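Me: I am new to this structure and would like a close look at one part of it. Please take the sheet and its surroundings, and go slowly.

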Amino acid sequence: MEKKSPIRMCAICRERKEKGELVKIVREPSGKISVEKDKRINGRSVYLCKKSECLAKAIKSKLISRTLGEVDDSIYEEIKLAQNK
Ligand SMILES: [Zn+2]
């Protein structure tokens, strides 16, 4: 049987995609906000797709800090790297 990965939605353009096609930004229990890489992190999260315009809109609208709390600007570099992976 074919294994399907879960479907998640980009918080900006609302497109639904397989989880692997999105970048997940998580607020860890410690309060640190980071981009989920290989290891699964539980916590409040936001998904963004890999379109650069969605990242640009997320920065402009301060979506991440509004949803997850105060973030350092370096998070956007991390997201960009994850988008281009
Ligand atoms: Zn998007």
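Which residue in β4 stands opposite V26?

Reply: V26 stands opposite S34 in β4. The model is predicted, with local features requiring pLDDT of at least 70 and side-chain atom pairs pLDDT 80 or more, while totals for chains, interfaces and linings use all residues. Residues are numbered from 1 along each chain as its sequence is written.

To place that position, the chain has 3 helices and 5 strands (DSSP runs of H or I, at least four residues, and of E, at least two, numbered from the N terminus). Read from the N terminus on, the elements run β-β-β-β-β-α-α-α, and the C-alpha trace spans about 45 × 30 × 20 Å along its principal axes.

Strand β3, residues 23-27, and β4 pair in the antiparallel sense over 3 bridges (pairing needs at least two DSSP bridges). The open sheet to which they belong is formed by 3 strands in the order β4-β3-β5, with antiparallel pairing. Its edge strands are β4 (33-35) and β5, each of which pairs on one side only, and from one strand to the next the twist averages 20°. Helix α3 packs on this sheet and touches β3, β4 and β5, its direction making about 150° with that of β3 (axes are lines fitted to C-alpha atoms, for helices over the stretch in contact, with angles from 0 to 180 degrees between N-to-C directions).

Helix α1, residues 52-61, has C54, L55 and A58 as its buried residues, where buried means 20 or more other C-beta atoms within 10 Å and exposed means 12 or fewer. What covers these buried residues of α1 includes β5 (44-48), α2 (63-68) and α3 (74-83), whereas S52, E53, A56 and K60 are exposed on the other side of α1. Over the whole chain of 85 residues, 20% count as buried.

Methods. Contact = placed C-beta atoms within 7 Å.
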